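The sequence and the structure are shown here for reference.

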Amino acid sequence: MSKFRLDEVDHQILDMLIDNTRVPFTDIAKRLLISAGTVHVRVKKMEDAGIIMGSSLTLDYEKLGYSFIAYVGVFLHNTSQTKFVLERINEIPFVTVAHVTTGKFNVFCKIRARDTKHAKEVIFMVDDIDGVYRTETMISLEESINDKKRLMHTIFKDM
């Protein structure tokens with residue numbers, strides 16, 4: 001499979017979509033002095049190539065009552081249980097991210113909860129999964145940086 005080539009117009013379209021995924025194609029077209037149809041076709045090609053994979057919604061979890069963040073390192077009895085454990089973790093909606101890792105933990109998770117009591121309940125759910133030997137938790141005092149946009153802009157500048 002050949003590598004998809006992005007030209008300057010593609011970069012500009014992506015830059016605008018990174019900043020606001022809901023920006024209308026007509027606004028992008030006006031800014032770039034091209035037709036909205038051209039924007040639509042180029043975005044569709046980038047979707048078909050797998051460069052754009054949907055769009056995302058950013059929520060203010062604090063306003064929704066879910067400001068408590070903890071990271072849970074999961075130790076497994078056997079690494080062969082990883083797939084099974086991940087399937088069970090995926091059934092817990094408060095686990096928002098899970099990584100299979102090397103080093104100290106077999107799996108590393110990010111959880112969102114209402115408060116410490118709720119976080120304890122979520123951690124116990126993870127700990128009760130068959131195959132989990134134990135967990136180790138770190139509480140986030142503050143999410144200081146959470147900015148994928150900077151990385152995406154940097155990647156596109158380097159292409």
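The largest pocket lies between domain 1 (8-56) and domain 2 (61-140), because both of them give residues to its lining; the domain bounds come from an automatic or database domain assignment. This is a predicted model, in which local features need pLDDT of at least 70 and side-chain atom pairs count only at pLDDT 80 or more, whereas totals for chains, interfaces and linings use all residues. Residues are numbered from 1 along each chain as its sequence is written, and side-chain values use heavy atoms, with hydrogens and water left out.

The largest pocket has a volume of about 1300 Å³. Of the 39 residues in its lining, Ser56, Leu57, Thr58, Lys148 and Met152 are the closest to the centre of the pocket. Two or more lining residues come from each of helix 1 (8-19), helix 3 (36-48), strand 2, strand 3 and helix 6 (148-158). Sorted by class, the lining holds 17 nonpolar, 10 polar and 12 charged residues, where Ala, Val, Leu, Ile, Met, Phe, Trp, Tyr, Cys and Pro count as nonpolar, Asp, Glu, Lys and Arg as charged, and the others, Gly among them, as polar. A pocket is here an open set of points on a 1 Å grid over the protein atoms alone, where a 1.4 Å probe fits and protein lies on both sides within 12 Å along at least five of seven lines, and a lining residue has an atom within 4 Å of a point. Grid points are joined across faces, edges and corners, and the volume is the space filled by probe spheres set on the points. The centres of domain 1 and domain 2, taken over C-alpha atoms, are separated by 36 Å.

Strand pairing is the next topic. Helices (H or I, at least four residues) and strands (E, at least two) are DSSP runs numbered from the N terminus, and two strands pair if DSSP finds at least two bridges between them. The pairings are set out in the table.

| Strands | Sense | Bridges |
|---|---|---|
| Strand 1 and strand 3 | antiparallel | seven |
| Strand 1 and strand 4 | antiparallel | seven |
| Strand 2 and strand 3 | antiparallel | five |

Strand 1 (residues 68-76) is largely enclosed by the rest of the structure, because eight of its nine residues are buried; buried means under 20% relative accessible area, exposed over 50%, and partly exposed in between (1.4 Å probe, protein chains only). Ala70 has Ile111 in strand 3 as its bridge partner, and Val95 also stands opposite Ile111. On the side of strand 4, Phe75 stands opposite Arg134. Strand 2 and strand 3 form a hairpin with six residues between them, and Gly103 in the turn has a positive phi of about 90 degrees.

Ile69, in strand 1, is buried, with a relative accessible area of 5%. Not counting residues up to four places away in sequence, Ile69 touches Lys110, Ile111, Arg112, Ile139, Ser140 and Glu143, contact meaning heavy atoms within 4.5 Å. Ile69 and Val95, 26 residues apart in sequence, are 9.9 Å apart from C-alpha to C-alpha.

Thr135 belongs to strand 4 (residues 132-139) and counts as buried at 18% relative accessibility. Leaving aside neighbours within four places in sequence, Thr135 is in contact with Val72, Gly73, Val74, Phe75, Ile123, Val126 and Asp127. The C-alpha atoms of Thr135 and Lys120, which are 15 residues apart along the chain, are separated by 12 Å.

Asp15, in helix 1, is partly exposed, with a relative accessible area of 28%, and its C-alpha atom is separated by 8.2 Å from that of Phe156, 141 residues apart along the chain. Lys149, in helix 6, is partly exposed as well, with a relative accessible area of 36%. Lys149 and Ile18 are 131 residues apart in sequence and 6.1 Å apart in space, C-alpha to C-alpha, and Lys149 touches Ile18 and Asp19 when residues up to four places away in sequence are not counted.

Leu33 is found in the loop between helix 2 (25-32) and helix 3, where it counts as exposed at 75% relative accessibility. Most residues other than glycine have a negative phi. Leu33, although not a glycine, has a positive phi of about 60 degrees.
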